[in-house]
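Have a look at the picture below, then read on.

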Amino acid sequence: MDTELNNRLEQAKILARDAGNLGQGFFRSVGALVIQQKGVQDLVSNADLEVELFVRERLATLFPDDGIVGEEHDNVTGTSGYTWVIDPIDGTANFVRSIPSWCVALACVHQDETKVGVIYEPSHDEMFWGAKGMGAHLNDDLMHVAASKGLDDGSTGVGMNNRTPGHMVSALIAGLVDQGGIFYRNASGALMLAYVAAGRLIAYTEPHMNAWDCLAGQLLVAEAGGRVEKQSADAMLVHGGRVVVGAPGVFDALIELSDASYVD
């Protein structure tokens, strides 16, 4: 790995942990949070805002020429060709209800590809991390996707949000169950993608995700030996898009099921 990329990876791991620890401080005092509703089942708290500002300020010091795209604040255009993508607290609906299933997600994009991905889940001190071409890790251990050969051999993560028509998700779940599958949802798309990379889930599908929710996790799945529906990282930064990932033995079946279910 080149020096610039390795430096960004190492700094991302440190920053994700520091941001997670900051978020954990807010999590311990959930009753004091200031919570706003951005949309249906779409919440933001002062913890989201402050953790993202913390990450942005650190990145601006470490890599002043890099761009920044985040969920809660305006984009910063860089000149280096590297762009950081931040989700300060993915799983806010869990966070504000004292459910310990949320994470900090950081990705770094360069030349239309995600090159670094870090997802830190502070409640269990789990750091999922990787860089393009060097594998994916959970803390100090190399991760591998599941060896499942069918959708009936493990649980599939299913994502949804307020942009997703309900009939798409119900059709997907019905089709999955008809094939002997089990669906799983924990309200954090980034964390479910990390679970696919770690072999805990066999696959994940969602009709539309924003870049900050998925780029880090998609890289981790690919580096853990999984398959990822191909997309332009630069286009995802602007528009977001459909996300389908999975172990090699189940990916084609999930693509077929997603194609059949995600129809207007």
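Which residue in β6 is the bridge partner of A105? The bridge partner of A105 in β6 is I119.

Before going further, note that this is a predicted model, where local features need pLDDT of at least 70, side-chain atom pairs count only at pLDDT 80 or more, and totals for chains, interfaces and linings use all residues. Residues are numbered from 1 along each chain as its sequence is written, and side-chain values use heavy atoms, with hydrogens and water left out.

Strand β5 (residues 103-110) pairs with β6 over 7 bridges, in the antiparallel sense. Helices here are DSSP runs of H or I with at least four residues, strands are runs of E with at least two, and both are numbered from the N terminus. Two strands pair if DSSP finds at least two bridges between them. Both β5 and β6 sit in an open sheet of 7 strands with mixed pairing, in the order β3-β4-β5-β6-β7-β8-β9. At its edges are β3 (67-70) and β9 (141-142), each pairing on one side only.

**The sheet of 5 strands**

There's also an open sheet of 5 strands, ordered β11-β10-β12-β14-β13, again with mixed pairing. Its edge strands, β11 (182-184) and β13 (227-228), each pair on one side only. Strands β10 (residues 155-158) and β12 (residues 203-209) run parallel and are joined by 3 bridges. Here G157 stands opposite Y204 of β12.

**Helices on the sheets**

Contact means heavy atoms within 4.5 Å. Axes are lines fitted to C-alpha atoms, for helices over the stretch in contact, and angles run from 0 to 180 degrees between N-to-C directions.

| Helix | Strands | Angle |
|---|---|---|
| α4 (residues 166-178) | β10, β11 and β12 | about 175° to β10 |
| α1 (residues 3-27) | β4, β5, β6 and β7 | about 25° to β6 |
| α5 | β4, β5, β6 and β7 | about 100° to β6 |

**Two helices side by side**

Two packed helices are described by the angle between their axes and the distance between the axes. Helix α5 (residues 189-197) packs with α6 at an angle of about 0°, and their axes are 8 Å apart. The two are therefore roughly parallel to each other, a label for angles under 35 degrees. Among the residues making the contact are L193 and V196 of α5 and L220 and V221 of α6. The contact divides into 7 nonpolar, 3 polar and 1 charged residues. Ala, Val, Leu, Ile, Met, Phe, Trp, Tyr, Cys and Pro count as nonpolar, Asp, Glu, Lys and Arg as charged, and the others, Gly among them, as polar.

**A pocket lining**

Helix α6 also gives the most to the lining of the second largest pocket, with 5 residues. By class, that lining has 6 nonpolar, 4 polar and 6 charged residues.

Note on methods:
Angles under 35 degrees count as roughly parallel, over 145 as roughly antiparallel, 65 to 115 as roughly perpendicular and the rest as oblique.
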